Amino acid sequence: MNAPAGLLNVVDVEATCWAGPTPPGQVNEIIEVGITVVDLGTRARVSRHGILVRPARSRVSEFCTELTGLTQEQVDAGVDFAEACRLLATEFEAGSRPWASWGDYDRKQFRAQCAATAVRYPFSGRHTNAKQVFTESYGLRKRPGMAAALPLAGLTLVGRHHRGEDDAWNIGALVVDVLGRGDWRVTTDETHSASR
């Protein structure tokens with residue numbers, strides 16, 4: 001089997017959230033997209049980025065600020081969701097590069113928000129659920145959260161947990177670990193189905 005090569009986008013999103021039920025008239029919306037680019041061939045993280053996204057149908061709650069550190073004022077200065085998707089497509093070649101996230105939440109959130117806002121889905125159909133392949137690689141019975149997976153791989157958390165840019169960087173380290181173990185693979189391949 002050939003070793004993976006090329007660039008991989010590791011993506012982690014933060015979204016509006018609340019301590020209890022979603023308030024009437026609001027929805028979960030992406031407020032930050034963290035991206036770490038991994039060179040699959042050299043097994044190295046080559047860059048890290050964060051895109052703040054201005055929500056259109058929700059507000060950042062006090063609970064959300066406590067969790068992520070992001071305030072309404074900060075995300076108000078971000079780009080709108082359509083522009084964030086455009087940046088992913090142009091700056092990070094998201095439509096052609098394989099990508100990964102810790103679990104399937106990020107992929108499903110992008111799918112749902114693109115459908116709800118009539119924005120073109122920016123990613124390729126080749127996605128890896130990094131939590132799944134990490135769990136398989138280590139022979140674990142339960143899939144750990146990202147923060148719990150780091151010490152299992154001999155790594156420490158860098159930055160703030162639940163900040164997209166920091167989480168993507170940490171997930172990138174776990175991706176590199178699994179690559180080094182020879183266990184990296186695509187878990188969802190939608191390249192042969194319609195992605196619109």
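**Close-up 1. Helix α5 passes helix α7 in a left-handed crossing.** A crossing is left-handed if the near helix is turned anticlockwise from the far one by less than a right angle, and right-handed if clockwise. The model is predicted: local features need pLDDT of at least 70, side-chain atom pairs count only at pLDDT 80 or more, and totals for chains, interfaces and linings use all residues. Residues are numbered from 1 along each chain as its sequence is written, and side-chain values use heavy atoms, with hydrogens and water left out. Helices here are DSSP runs (H or I, at least four residues), as are strands (E, at least two), numbered from the N terminus. α5 covers residues 130-138 and α7 residues 164-180; they pack at an angle of about 40°, with axes 10 Å apart. That makes α5 oblique to α7 (angles under 35 degrees are roughly parallel, over 145 roughly antiparallel, 65 to 115 roughly perpendicular, the rest oblique).

**Close-up 2. Glutamine 113 lies in helix α4, residues 105-117.** With a relative accessible area of 3%, glutamine 113 is buried (buried means under 20%, exposed over 50%, partly exposed in between; 1.4 Å probe, protein chains only). Leaving aside residues up to four places away in sequence, glutamine 113 touches Asn28, Glu29, Ile30, Arg57 and Phe81 (contact means heavy atoms within 4.5 Å).

**Close-up 3. Arginine 43 sits in the loop between β2 (30-39) and β3 (44-52).** Its phi is near 55°, a positive value in a residue other than glycine. Arginine 43 is partly exposed, at 44% relative accessible area.

**Close-up 4. Histidine 162 belongs to the loop between α6 (146-152) and α7.** Although not a glycine, histidine 162 has a positive phi of about 75°. Its relative accessibility of 28% counts as partly exposed.

Technical notes:
Axes fitted to C-alpha atoms, helices over the stretch in contact; angles between N-to-C directions.
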